[in-house]
Amino acid sequence: MFSDNLTAEEHRGFRRGHRGKTKELSRAKLILSSVITIIFFPAIILLGSGDWRWLEGWILSLWLDAMVLSTTIYLYIYDPALLAERTKLPGSDNQKEWDKYVLLAIYLLALMWLVLMPLDARRFGWSPEFPAWLRILGGVSLLPAWYLIYRATVENTFMSTLVRIQSERKQRVISSGVYGFVRHPLYLGCTLMMFGGPLLLGSICGLAIALIALVVLFGRIAGEEKMLVNELAGYADYKARVRYRLIPLVW
């Protein structure tokens, strides 16, 4: 979801204007959610693997911790309106009916990805040993993934988890920063994460789930862009300027 070519100062003013209208998370809730996040990813990945000394498992666990915490803390401090938007449950407000089911499928695939990878790569060894260069490639791909996810969050105060037009927040179109690179930089970051994680761990199951998730994501992008062109002023012009949806030079 997107907003227009606002300057950094205009973005800050917009967010300040909405801050008073948004019910912010209490500091206690932020601390509690942060502690849960810190524990959750290592618990799932390392417990699933059965090996607390698994280096690749620790790298992915700590990466996920850092990625989630950095974006959440940024939103808590600088953009509580977007934090409130991104914590809405499927079916909230004017979310497109079809997207309720797509979003639930995405959540289910993400959970399967997280749970099955350590079982596959470490505990049961279903996948063959991946060569070192492939594991390194997976680990390196997590760096641009984090950058894209974080910058998309910082630059777009309308980046909802739901496919909907936020008319109550006067949604506009963003074409600056990473949004001048591809039209869906958050999705590109998530795609790099979904493939980089299983490459790092050495999990064919994780790669298979990532492929399924990518197909689902293609469908969601198509539906989301149809809505944006029809319902969000200026999006058709932005689409003409930034040619690629997700993968530069490809699609």
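Predicted model: local features only at pLDDT ≥ 70, side-chain atom pairs only at ≥ 80, totals over all residues.
**Stop 1: helix H7.** Select residues 185-201, which form helix H7. The helix has 17 residues and reaches 24 Å from its first C-alpha to its last, close to the 24 Å expected at 1.5 Å a residue.

**Stop 2: the end of H7.** Select Gly202, just after the helix. Gly202 has a positive phi of about 90 degrees.

**Stop 3: Met193.** Which residues does Met193 contact, leaving aside neighbours within four places in sequence? Select Trp63, Leu64, Met67, Trp113, Leu142, Ala145 and Pro198; these are its contacts.

**Stop 4: the core.** Met193 also belongs to the largest nonpolar core, a set of 54 residues. Together with Leu60, Trp63 and Leu64, Met193 touches the most other members. Among the elements that give two or more residues to this core are H7, helix H3 (55-78), helix H5 (97-123) and helix H6 (132-155). Colour helix H8 (204-231) as well; H8 gives the most to the core, with eight residues. In soluble globular proteins, nonpolar side chains tend to be buried together.

**Stop 5: two cysteines.** Select Cys190, which is partly exposed, with a relative accessible area of 26%. Then select Cys205, also partly exposed, at 27%. A disulfide is a covalent bond between the sulfur atoms of two cysteines. How many disulfides does the model have? The count comes to zero.

Methods
Residues numbered from 1 in each chain as written. Heavy atoms only, no water. Helix = DSSP H or I, 4+ residues; strand = E, 2+ residues; numbered from the N terminus. Expected span 1.5 Å × (residues − 1). Disulfide = S-S within 2.5 Å. Buried < 20%, exposed > 50% of the residue type's maximum accessible area, 1.4 Å probe, protein only. Core = buried A, V, L, I, M, F, W, Y, C linked by side-chain atoms within 4.5 Å. Contact = heavy atoms within 4.5 Å.
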